[in-house]
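Could you walk me through this structure while I have it open in my viewer? I would like to know what to select at each stop and what is there.

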Amino acid sequence: MNAKDLKQSRVQLFRDAANFKRTERIPHFANVVTWKVFDAGYTLDQAMTNFDVLEDTVVKFLERYPVDGLMDVGIRNQFTVTEAFGQGGYYYYNEEVVGIHDHAHCTVDTLMDYLDDPAKYAWEVILPKKYGESWDEKGLDVWKKTFSEYMRYVKYILHMSSVTGKQYGLPSLSPNNPMMGAIVLGIEELFSNLLGIQQLSVAMRRSPDQIEEFINRWDAERITPAIEKIRNGKGPNYKYCFDSSILMLAHNVMNKKQFERFYWPHMKELLDAYAEKGMNVRIFTEGSILRFADYFKDYPKGTLTFHLEQDDPFAFREALPNVCIMGGMTTDLLANGTPDECVAYAKRLCDELGKDGGFIFSEGKMLSYRNDANRDNYKAVCDFVSSYRL
Amino acid sequence: MGKNEFKSYPEGYQKLMKKIVPWYFGPMREKMMRLLLTILTDG
């Protein structure tokens with residue numbers, strides 16, 4: 001099969017699984033990020049700003065492991081751009097770790113200033129605060145160098161899309177291209193960037209009206225137009241494994257009352273639009289989602305696929321039989337088990353969760369650190385899943 | 001190091017955008033600048 005046909009057959013396999021159709025085999029979307037750097041014999045500091053090395057890690061991974069999709073094709077981190085601008089980025093790396101410092105662009109009192117004009121706020125508040133005194137020294141030469149790195153990064157993304165798609169028949173996860181407008185709910189933006197974990201947790205208790213006002217305005221300006229676009233669109237786009245990929249993380253710091261006020265109304269409106277159009281949505285539920293399962297129980301099979309991180313997949317299937325499960329394989333087992341133990345668990349996942357569709361094999365946690373998986377275990381699992389016939 | 005002569009908004013911002021994104025016009029130029037800004041603020 002040529003790469004183009006292979007790519008399309010893989011998309012069909014993911015779509016069939018998401019739509020609870022019986023498939024000949026279970027598709028495997030590898031949730032592998034920086035682990036593949038170590039697996040290819042590099043350390044992170046050798047790879048993060050070297051596109052040739054990053055490409056090599058992806059190629060080596062795809063040559064060794066027979067997977068149907070790959071979460072990161074070496075393009076997740078933009079260190080070349082931020083480093084060209086100078087010291088002070090929130091993301092950092094060393095030989096073994098890529099991390100991010102918790103940060104907050106706003107206080108509760110400045111959230112509306114941000115919404116009034118995000119570019120103005122970034123220019124006058126965020127960048128001067130983030131870069132301190134060096135902001136005064138960002139002359140034209142620094143900006144030109146940074147923009148040049150940005151363009152090089154964009155070209156690299158296109159190049160890697162070509163390498164993975166045209167050479168290896170690897171489909172893209174979803175059309176969440178930032179140029180097309182990635183969908184981020186207001187509450188998640190508050191959690192990740194604008195207030196940070198600590199401020200948001202406090203603000204939901206002390207300033208709930210201000211949080212609600214922000215979320216309502218954010219979603220009216222950003223989510224409502226996206227919903228209109230979905231409703232006026234053609235429905236599923238089989239160029240991708242899913243029609244949308246959404247991240248849920250902020251729910252982890254909420255109780256049910258807060259979830260009902262700040263999260264669910266906005267999420268529901270979005271998911272309802274996807275359901276009406278018969279589209280497949282993947283939601284990466286970082287942390288645990290099981291205690292909020294009831295909110296999702298009325299969606300028809302085929303709408304939702306939950307990529308589980310910490311939840312037990314068998315308990316999740318009991319709670320939400322209408323939702324396709326992505327994930328299941330634990331890094332604990334991949335790191336500490338034997339190849340036989342790993343394959344036995346992979347078989348159980350496929351047999352019990354995927355017999356009638358509704359299951360996509362993946363790793364719950366993003367494989368990031370050196371010890372997130374033993375390579376012999378991972379190889380045994382990939383070989384098993386790709387060849388196992390239901 | 002140079003001096004940041006683009007600190008004012010919107011004048012400095014617009015002036016910089018025209019200097020570093022010269023071959024795009026209108027909304028595309030604005031979009032490219034916004035994406036760069038997102039990387040620099042969030043990254």
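Here is a short tour, one selection at a time, through a model that is predicted.

**Stop 1: a helix inside chain A.** Select residues 186–194 of chain A, which form helix α9. Of these 9 residues, 7 are buried, so the helix is largely enclosed by the rest of the structure. Colour the buried ones: Gly186(A), Ile187(A), Glu188(A), Leu190(A), Phe191(A), Ser192(A) and Leu194(A). Now show what covers them, which includes α6 (111–116), α10 (196–206), α11 (208–232), β5 (244–248) and α12 (256–276) of chain A. Before leaving, click on Gly196(A), which follows α9(A) and has a positive phi, near 80°.

**Stop 2: along α12.** Pick Ala273(A), a residue of helix α12 of chain A. With 19 other C-beta atoms within 10 Å, Ala273(A) counts as partly exposed, because a residue needs 20 or more to be buried. Its contacts beyond four places in sequence are Ile227(A), Ile230(A) and Arg231(A).

**Stop 3: the nonpolar core.** The largest nonpolar core has 106 residues, and Cys324(A) and Ile325(A) touch the most other members. α12(A) returns here, giving this core its largest share with 6 residues.

**Stop 4: a helix with a buried face.** Move to helix α15 of chain A, residues 339–354. Its 16 residues should span 22 Å at 1.5 Å a residue, and the end C-alpha atoms are 21 Å apart, which agrees. Select the buried residues Cys342(A), Ala346(A), Leu349(A), Cys350(A), Leu353(A) and Gly354(A). Looking down the axis of α15(A), you will find them within an arc of 105°, so they line one face of the helix. Residues three or four places apart point the same way because an α-helix has 3.6 residues a turn. The cover over the buried residues of α15(A) includes α13 (313–319), β8 (324–329), α14 (331–336), β9 (359–363) and α16 (375–387) of chain A.

**Stop 5: where the chains meet.** Finally, bring up chain B, where 19 residues are in contact with 29 residues of chain A. On the chain B side, α1 (11–20) and α2 (26–42) each supply at least two residues. α2(B) gives the most, with 8 residues. Colour this side by residue class and you will see 11 nonpolar, 4 polar and 4 charged residues.

Notes: Residues numbered from 1 in each chain as written. Chains lettered and ligands numbered in written order. Predicted model: local features only at pLDDT ≥ 70, side-chain atom pairs only at ≥ 80, totals over all residues. Buried ≥ 20, exposed ≤ 12 C-beta atoms within 10 Å, placed from the backbone. Helix = DSSP H or I, 4+ residues; strand = E, 2+ residues; numbered from the N terminus. Contact = placed C-beta atoms within 7 Å. Nonpolar A, V, L, I, M, F, W, Y, C, P; charged D, E, K, R; others polar. Expected span 1.5 Å × (residues − 1). Arc of directions from axis to C-beta. Core = buried A, V, L, I, M, F, W, Y, C linked by C-beta atoms within 7 Å.
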